[in-house]
Structure formats: structure tokens, C-alpha cells
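Hi,

Here is the structure I promised to pass on. Have a look at it first, and my notes follow below.

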Amino acid sequence: MSKYSAKYLEDKLKEKLDATYVQVCDDSDGCGGKFSAVIVSKAFEGKALLQKHRLVNTTLAEELKEIHAFSQKSYTPAEWEKVQQQQ
Amino acid sequence: MPQVLASATPRWYSADTSAPPPAALDKATLDKLVRTNKVVVFMKGNPQAPRCGFSNAVVQIMRMHGVQYDAHDVLQNEALRQGIKDYTDWPTIPQVFIDGEFVGGCDILLQLHQSGDLIEELKKVGIVSELLKAEEAKDTAKK
């Protein structure tokens, strides 16, 4: 359905957002239409939640035309540390 | 040349791809639409029968907080579906507005719900979340 893989998305997010941690899961059973992502980047610092998500959406604008379900959790390094402590 | 179709021949009609896509709703129309209630949701399906897991998640969050809201089914109206995406420059449905302001989609709503910020956002527009009421009732009982 879409030509994108989790690995492709991970690489692109890492490169474009200078992300320190990216994990993309393919939730589509391989058809490539549904992904969920955890992204940690300094690029999110000082940005409101909506702005963080917008940054990711813009980075993947081309891909999101084909991927119909994309869910993201986007954190600054400091927020990510807190999230991991809670787990 | 006359065309004769045998009655047993199945016939089907696919979308006429040469027809122009329906025009997206314009900004002025959407400016009004996002303000018809304090909370307005654009979703797939309706609150009684959401037709997408992400839209369903938003419906469930609103239900937990006891929020009265207006819902628009984008599957019923292609011009609305495209129009709202253009309006917010946001690629996906559902989309949630509070007081005419775009708040976000499913991920953001879920995160606002989990962090407790949704209660605050609702309070700003004069909606007291049911979760807050329950919390306060518990506190009163303790005292």
C-alpha cells in the first residue's frame, strides 16, 4: 500500500530532526499504511505540543500522503528522561 | 451502433476520475463551523458510531470528561474533509477545536488527557470536566 518501511521513517526522522532516539513501529502487518513513532529531539525544545507534532508532520509531509494512520509521541531529551523514569 | 447489454451481465460504476474533485470548504465557512460550540470535533463517523479507531479515542475521552460538543462526520462530505485539513494545515482526522482554536488530533488529545492539561483547557472555556468533579467529590469526602 505505501512504499515506506519503519526503518526508512526512522532514518529520515533521525536525519532531519537530528533526533537522539527514534523508534518507529509498523502497525500495519507489513502493508505500510499504519505506523506509530516515538521521537526524542532537541528540535522540540521550547515548542508547544501542537508545534512538536507539526514539526514531525512537516518532516514527513510527503510520506503522510500515503501513510493513512500515523501516531506520534514526541519528546525533548528532558521530557524523555522523565517518561523513562515513570516506566 | 446500438449497444445491447445482456441482463445477466453485471454492471458496476466506478468513480468518474475525470470529474474535478469537490471544492474544499472555504475559510470563512470553516471559521464559523469551528465555533458552533465550545468544543467542536471533526471525525470519521459520528459519536454514536465512530468509524475509525482514532476518532473513537477522541469520543471516549470527551465522554469521560462529560463534554458536550458538536461533531462533524467528514466521511459524509468530501469538501469538509479536504477543507478542514487545509484550514488547519493538519494531515489527519480527527481534529479537535476548543473555543475555535485548533487543539490537535488523537495523539495530542490523549496526551492532554493523560497529563491532566485537558481539564485546564476545558476550564478556560467554562467547562467543568466530570473527572475534576469526581476528584473534588473524593477530596470533600476525605475531609
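**Where the chains meet**

Keep in mind that this is a predicted model. The contact between the chains draws on 8 residues from chain A and 6 residues from chain B. On the chain A side, helix H2 (49–59) and strand S3 (69–75) each put in at least two residues. H2(A) gives the largest share of that side, with 4 residues. By class, the side of chain A that touches chain B is made up of 4 nonpolar and 4 polar residues, with no charged ones.

**The cores**

The largest nonpolar core counts 26 residues, and Val41(B), Phe42(B), Met43(B), Val58(B), Val74(B), Val96(B) and Leu109(B) have the most contacts inside it. Several elements of chain B give two or more residues to this core, including helix H2 (53–65), helix H3 (78–88) and strand S5 (95–98). The largest share, 5 residues, comes from S1(B). If you click on Phe42(B), you'll find that it touches His72(B), Val74(B), Ile84(B), Ile93(B), Pro94(B) and Gln95(B), leaving aside residues up to four places away in sequence. Apart from that core there is another one of 16 residues, with Tyr4(A), Leu9(A), Leu17(A) and Ile67(A) among them.

**A helix pair in chain B**

H4(B) and H5(B) pack at about 95 degrees, and their axes are 5 Å apart. With that angle, H4(B) is roughly perpendicular to H5(B). Leu112(B), His113(B) and Ser115(B) make the contact from H4(B), while Asp117(B), Leu118(B) and Glu121(B) make it from H5(B). Sorted by class, these contact residues are 2 nonpolar, 2 polar and 2 charged.

Cheers

Key
Residues numbered from 1 in each chain as written. Chains lettered and ligands numbered in written order. Predicted model: local features only at pLDDT ≥ 70, side-chain atom pairs only at ≥ 80, totals over all residues. Contact = placed C-beta atoms within 7 Å. Nonpolar A, V, L, I, M, F, W, Y, C, P; charged D, E, K, R; others polar. Core = buried A, V, L, I, M, F, W, Y, C linked by C-beta atoms within 7 Å. Buried ≥ 20, exposed ≤ 12 C-beta atoms within 10 Å, placed from the backbone. Axes fitted to C-alpha atoms, helices over the stretch in contact; angles between N-to-C directions. Parallel < 35°, antiparallel > 145°, perpendicular 65-115°, else oblique.
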